[in-house]
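Q: I'm new to this one. Can you put it up and walk me through the parts?

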Amino acid sequence: MNQIMQTAETGPSTDSAKAAGGEAYNFAYLDEQTKRMIRRALLKALAIPGYQVPFASREMPMPYGWGTGGVQVTAACLLPDDCLKVIDQGADDTTNAVSIRRFFQRTAGVQTTEVTGEATLIQTRHRIPETELVAGQILVYQVPIPEPLRFLEPRETETRKMHALEEYGLMHVKLYEDISQHGHIATAYSYPVKVEGRYVMDPSPIPKFDNPKMHGSSAIQLFGAGREQRIYAIPPYTRVHSLDFDDYPFEPMRADQTCALCGAEDSYLDEVIMDDEGTRMFVCSDTDYCGGRLEAGHEGQQGDAT
Amino acid sequence: MYVAVKGGEKAIDNAHRWLAELRRGDQAVAELELDQIAEQLSLSVARVMAEGSLFDPRLAALAIKQARGDLIEAIFLVRAFRTTLPRFGGTSPVNTGAMICSRRISATFKDIPGGQILGPTFDYTHRLLDFDLAETGQVPAAEQGADDATAKPHVLGLIGREGLMQAEHATSNDDAIPDLTREPLTYPADRAVRLQALARGDEGFILGLGYSTQRGYARNHAFVGELRIGLVEVEMDIPELGFAITIGEIEITECETVNQFQGSKTEPAQFTRGYGLVFGQQERKSIAMALVDRALRWRELGEDYVGAPAQNEEFVLSHCDNIQATGFVEHIKLPHYVDFQSELELIRRIRGEAGIQADLENGHDMKGAAE
């Protein structure tokens with residue numbers, strides 16, 4: 001904070017800009033005023049589970065769409081003794097996960113890990129780890145479009161009214177039409193949920209396989225949408241119900257295969273195309289889960305992997 | 001044999017090194033200096049400052065250099081720097097009437113008090129490539145007139161004196177002006193917020209919307225009452241001093257359009273105004289901004305909403321920011337294979353139940369994959 005104040009006093013010039021680069025930024029990049037603003041939004045979000053709280057999202061040094069909302073939430077929550085894990089598509093080594101992890105290594109100097117159980121804060125894009133989260137852990141989701149009703153009604157002025165009046169008929173009609181047309185609810189990810197019996201919420205683009213993990217979780221779940229300037233949350237032990245009908249109950253879905261590396265039958269699988277013939281194999285999307293199982297001696301069909 | 005893809009970290013490092021090398025280009029060619037960019041690409045610099053919402057020609061020049069001339073990328077660099085700066089407060093309203101004009105034209109009058117000043121404009125250049133510029137050379141100095149620092153009255157003010165121009169209502173409390181970069185955008189947005197969004201909005205997007213109003217999508221019959229470019233002083237109240245002092249001088253472009261207005265039962269017919277104000281010399285943007293501003297005022301002026309994009313405040317404000325737009329449009333190149341996998345499963349299931357044999361599943365068994 002002090003160093004940033006100094007920058008401003010000398011006025012913006014290339015010299016002062018250079019001085020503010022790299023290590024001269026505040027802990028976890030954001031200044032304390034901004035963190036306070038975000039924390040207030042987070043507290044409000046936790047107090048009203050599933051409600052989208054507008055917040056004055058800042059421009060971050062990575063593009064909108066790369067996780068600026070999640071990064072701001074993480075920055076506002078991080079403490080120096082936190083242990084951070086960052087995943088994208090369930091993997092720690094995807095380029096954007098690497099980039100975000102490095103950002104916090106550089107700006108906050110916190111310890112990082114790939115092991116779900118070791119992390120105090122996990123930032124994720126598109127997955128919930130397979131290993132069950134425990135009390136004391138925070139899961140931060142990156143959210144592109146926070147509004148579950150957006151593709152039914154593009155106007156924000158209208159969707160806010162619909163939430164206020166708990167008017168979710170349009171969503172149920174959509175799900176019903178899916179069933180009448182396809183025989184299934186044609187939503188495979190970003191599957192809408194109702195939180196604690198009140199707000200319909202977009203769980204971010206996680207596959208619906210992950211939806212049940214949100215229900216009653218011991219961890220704090222925070223959602224940040226930077227471009228859309230919204231924060232929402234699921235406090236621990238909250239009811240999270242995936243929308244469905246009595247005669248068409250919600251059904252999580254995964255490829256009907258086992259992981260070729262670790263043999264897991266319960267994990268979400270990535271489908272990998274092996275050759276020009278289109279040969280497929282399936283492997284765990286959660287790389288830490290898969291690695292842990294391999295270490296524990298589990299083997300898949302490709303058990304002789306070196 | 002399948003081994004999970006690793007090496008994201010190394011790939012990123014290598015990509016950054018390659019990028020840096022390409023940015024520099026052929027080492028045998030002299031490197032661009034910031035002064036060269038600021039002086040010779042001043043209109044690029046103006047755009048980066050305007051859409052970056054930060055008046056600093058040198059930082060804008062640095063951003064352009066770092067971004068390899070990609071102006072949206074440069075705007076992004078400036079925005080990301082700006083956001084780390086503390087906000088000290090608001091300045092006094094800039095008095096554009098006291099502008100030292102380098103250019104000032106009115107399309108609504110043949111002559112105006114203070115005179116029409118053509119200034120440094122492309123307007124009447126013939127767009128013929130000047131092959132002499134391919135070689136470096138000295139430019140003959142332009143002839144200089146006498147310094148003219150006299151204030152030039154606003155043309156719309158002159159019309160207003162006759163009561164023909166709808167008066168603008170001054171905000172009583174300057175602190176009440178919201179800051180788009182510090183508060184979340186909510187709807188309906190007042191005009192101050194709309195103008196902020198348009199001023200930093202993408203030139204191309206605003207241009208297209210402004211153009212659409214001229215072609216009949218919420219046509220508002222605009223004349224350029226006045227377009228002026230020049231230097232204005234920026235003043236700020238310093239609490240310790242108890243009065244305002246000048247903290248700097250900036251170049252801006254201001255456009256005021258005169259638009260037709262039918263009047264109503266309670267109000268006699270009057271002209272109305274569209275307003276555009278942008279950093280630097282940016283005529284195209286300021287004119288387009290004025291057209292869009294005027295189109296967005298339909299509600300307060302009691303006009304019909306004809307469903308035109310330029311009238312739709314939520315549509316305009318949520319899509320005019322090119323940093324937001326480029327981020328979200330480009331983000332679909334990031335990995336989405338988890339979601340795609342879930343769609344694959346769903347579509348296979350739906351097709352399977354419909355009795356369609358999935359070629360993929362029939363043609364290839366999993367055993368082959370493991371071998």
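A: One term to start: two residues are in contact if their C-beta atoms, placed from the backbone, lie within 7 Å. This is a predicted model, where local features need pLDDT of at least 70, side-chain atom pairs count only at pLDDT 80 or more, and totals for chains, interfaces and linings use all residues. Residues are numbered from 1 along each chain as its sequence is written, with chains lettered from A and ligands numbered from 1 in written order.

Q: How is chain B divided?
A: Into domain 1 (8-82) and domain 2 (96-119 + 149-167 + 177-327). Those bounds come from an automatic or database domain assignment.

Q: How many residues of domain 1 of chain B are in contact with domain 2 of chain B?
A: 13, and they meet 15 residues of domain 2 of chain B.

Q: Which element gives the most to that side of domain 1?
A: H3(B), with 7 residues. Helices are DSSP runs of H or I, at least four residues, numbered from the N terminus.

Q: What about the residue types on that side?
A: 9 are nonpolar, 1 is polar and 3 are charged. Here Ala, Val, Leu, Ile, Met, Phe, Trp, Tyr, Cys and Pro count as nonpolar, Asp, Glu, Lys and Arg as charged, and the others, Gly among them, as polar.

Q: New topic. How many residues has the largest nonpolar core?
A: 75. A core joins buried Ala, Val, Leu, Ile, Met, Phe, Trp, Tyr and Cys residues through C-beta atoms within 7 Å; buried means 20 or more other C-beta atoms within 10 Å of a residue's own. Leu42(A) and Cys259(A) are among those with the most contacts inside it.

Q: What does Cys259(A) touch?
A: Beyond neighbours within four places in sequence, its contacts include Phe282(A), Cys290(A) and Gly300(A).

Definitions and conventions:
Buried ≥ 20, exposed ≤ 12 C-beta atoms within 10 Å, placed from the backbone. Helix = DSSP H or I, 4+ residues; strand = E, 2+ residues; numbered from the N terminus.
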